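Please look through the following structure with me before reading my remarks. I have kept to side-chain contacts and have written them as numbered points.

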Amino acid sequence: MTEKEKQQAGELYNGNDPELVKERTKAKKMCSEYNDIEYNDYQKRERVLGRLLPLKGDDAVIEPDFFCDYGYNIIMGRKFYSNHNLVILDCAEVTFGNNVFIGPNCGFYTAEHPIDADTRNQGLESAKPIKVGSNVWIGGNVTVLGGVTIGDNTVIGAGSVVTKDIPANCVAVGNPCKPVKEITSRPSAEPEDEAQEKPKPTPPPKPRHLKVDLVENNPFNSFPDKK
């Protein structure tokens, strides 16, 4: 197995492998390019972010600065928003559902280093995936560690350190982060296919027996131009 194959399989791998170093360098150069774009140049920001994160959904907004390791291991649903200083160490897959809000200074860290110093000093590491559901709000300064799943419709309080799975429909806070309150309300369901054409409203019936002669100086001739 190559070191990249070991990485994706969740096994110990050498992070200094030339193939992985090359891919990290490419991603981090794009991060630098993204962070240096003039803030209101939205089209360029979208183009660069699309190259960096090829698996992001529509309407993804990430405020600069943003940093990741590879980019291709990040999967984002529709309407993703993150405030400034988001860090995603995507050595393993990091998945976000739809309508995820993330506060400033948050980190998602899939990378893990061995507890044994001799093994760690050999440059060996491993990675575990992270999964965040839909309709999740994560407050500022939250850390999410590898192997964690956060359920749908959940709120993670600011400053929390998420070390274990958090269920759906709850507020969770603390270090380590734990559920403290159930959320009973549910967001409205989104249509399964937003691209499906919505039915057009039926126009009101035209009045009958109405005839207007289009002659010069007739005020009914002064319709606004359609553009």
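The points below take aromatic rings and then salt bridges, and they concern a predicted model.

1. A search of the whole structure finds four aromatic pairs. One of them joins Tyr39 and Tyr42 in an edge-to-face arrangement, with 6.4 Å from centre to centre and 75 degrees between the planes. Tyr39 counts as partly exposed, at 41% relative accessibility, whereas Tyr42 counts as exposed, at 52%.

2. Phe96 and Phe108 form an edge-to-face pair, because their ring centres are 5.2 Å apart and their planes stand at 85 degrees. The pair links distant parts of the chain, with Phe96 in strand 7 and Phe108 in strand 9, 12 residues apart.

3. The whole structure holds seven salt bridges. Among them is the one between Glu3 and Lys6, whose closest N and O atoms are 3.2 Å apart; these residues are three apart in helix 1, and are therefore separated by about one helical turn.

4. Lys28 forms a salt bridge with Asp69, the closest N and O atoms being 2.9 Å apart. Lys28 lies in helix 2 and Asp69 in the loop between strand 3 and strand 4, so the pair ties together parts that are 41 residues apart in sequence. Lys28 is partly exposed, at 36%, while Asp69 counts as buried, at 8% relative accessibility.

Terms used: Residues numbered from 1 in each chain as written. Predicted model: local features only at pLDDT ≥ 70, side-chain atom pairs only at ≥ 80, totals over all residues. Heavy atoms only, no water. Phe/Tyr/Trp six-rings, centres within 6.5 Å; stacked < 30°, edge-to-face > 60°. Buried < 20%, exposed > 50% of the residue type's maximum accessible area, 1.4 Å probe, protein only. Helix = DSSP H or I, 4+ residues; strand = E, 2+ residues; numbered from the N terminus. Salt bridge = Lys/Arg side-chain N within 4 Å of Asp/Glu carboxyl O.
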